[in-house]
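Dear colleague,

Please find below the structure that I am handing over to you. My findings follow directly after it.

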Amino acid sequence: MRPAMADTGFWNEFYEHRAAVSYPSPFAVFAREHLLHDASSILELGPGNGRDAAFFFEHGHQLVGVDQSSQAIELCRERVEGARNPERVRFEVGDFTRLDPADFPGIDTVYSRFTLHSIDDEAEERLVQSVWNMLPSGGQFLIEARTILDPLYGKGQEVGRHAFVTDHFRRHIDAQAFIHQEIDRGYLLRFFHEGNGLAEFQGEDPVVMRAALIKP
Ligand SMILES: C[S@@+](CC[C@H](N)C(=O)[O-])C[C@H]1O[C@@H](n2cnc3c(N)ncnc32)[C@H](O)[C@@H]1O
């Protein structure tokens with residue numbers, strides 16, 4: 001469909017202008033309250049400006065963040081106290097759809113907020129397979145992403161199945177199909193909800209799925 005990192009320029013500019021908010025997302029707060037353990041060691045896919053990474057770090061989690069945008073990673077390093085202590089936290093510029101599980105020992109939680117819908121379906125398959133390979137038994141994959149029921153669906157130029165480009169690329173997730181695909185892969189479904197009211201921001205109320213998948 002299009003290369004996984006096609007939007008690097010868009011996100012660099014977005015974060016260079018510090019357009020993102022700094023408080024933790026509702027999903028991070030929900031994950032912390034209901035899904036994470038105090039000792040969870042987290043890989044965050046596409047942390048952006050580090051709003052959720054900082055929140056997890058403050059709550060004592062070990063954390064690795066991988067984002068294609070060097071501007072985003074710079075903000076993460078600035079924001080997250082202790083970013084120079086690789087024992088606790090590490091941020092890397094890179095494509096999270098091309099991760100080598102061997103580079104992430106000890107990770108038991110993969111956290112993806114508003115990133116699954118930013119990659120095409122081939123990249124998604126690469127990503128979910130490497131997350132599966134990386135997670136230990138009992139590890140979890142936490143996802144929040146826009147779905148095909150989202151009001152933005154269909155806006156912009158159509159570039160593939162459920163995929164549209166406005167000022168950047170979005171591929172809305174068919175939540176039911178995704179969950180069935182991941183259950184077929186072997187995951188257990190710990191939590192699932194699709195709806196609005198979960199990620200309201202600046203007058204926008206997207207329809208998202210929240211999912212917590214556990215590797216048995
Ligand atoms: C919509 S922002 C979400 C940022 C943050 N998770 C949040 O919720 O505020 C998407 C982020 O994913 C990053 N991203 C998208 N595709 C990526 C890829 N293939 N590899 C690494 N980062 C990617 C972007 O650079 C951007 O920082």
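Predicted model: local features only at pLDDT ≥ 70, side-chain atom pairs only at ≥ 80, totals over all residues.

Two residues are taken to be in contact if their C-beta atoms, placed from the backbone, lie within 7 Å.

I begin with the chain as a whole. Its secondary structure comprises six helices and ten strands. The radius of gyration is 16 Å, close to the 17 Å that the globule rule gives for 216 residues, so the chain is as compact as a globular protein of that length. Along the principal axes, the C-alpha atoms fill a box of roughly 45 × 40 × 30 Å. Of the 216 residues, 42% are buried. Among contacts with a separation of 6 or more, 71% join residues 24 or more positions apart.

Helix H3 has the buried residues Asp52, Ala53, Ala54, Phe56 and Phe57. After H3 comes Gly60, which has a positive phi near 95°.

One of the buried residues of H3, Ala53, is also in contact with Cys76. In soluble globular proteins, nonpolar side chains tend to be buried together. The largest nonpolar core here has 53 residues, and Cys76 and Val110 are the ones that touch the most other members. If neighbours within four places in sequence are set aside, the contacts of Cys76 are Pro47, Asn49, Gly50, Ala53, Gly65, Ala83 and Phe91.

A further point concerns the packing of two helices. Such a pair is described by the angle between the axes and the distance between them. Helix H1 (residues 8–16) and helix H4 (residues 70–79) pack at about 40°, and their axes are 7 Å apart. H1 contributes Trp11, Asn12, Tyr15 and Glu16 to this contact, while H4 contributes Ser70, Gln71, Ala72 and Leu75. By class, four of these residues are nonpolar, three are polar and one is charged.

Tyr23 lies between H1 and helix H2 (26–34). Is Tyr23 buried or exposed? Tyr23 has 11 other C-beta atoms within 10 Å, and the limit for an exposed residue is 12 or fewer, so Tyr23 is exposed.

Most residues other than glycine have a negative phi. Phe114, which is not a glycine, has a positive phi of about 60°. Phe114 is in the loop between S4 and helix H5 (121–134), and counts as buried because 20 C-beta neighbours lie inside 10 Å. His162 likewise has a positive phi, near 65°, and is a residue other than glycine. The loop that holds His162 runs between strand S6 (157–160) and strand S7 (163–165). With 18 C-beta neighbours inside 10 Å, His162 counts as partly exposed.

Yours sincerely

Terms used: Residues numbered from 1 in each chain as written. Axes fitted to C-alpha atoms, helices over the stretch in contact; angles between N-to-C directions. Helix = DSSP H or I, 4+ residues; strand = E, 2+ residues; numbered from the N terminus. Nonpolar A, V, L, I, M, F, W, Y, C, P; charged D, E, K, R; others polar. Rg over C-alpha atoms; globule rule 2.2 N^0.38 Å. Core = buried A, V, L, I, M, F, W, Y, C linked by C-beta atoms within 7 Å.
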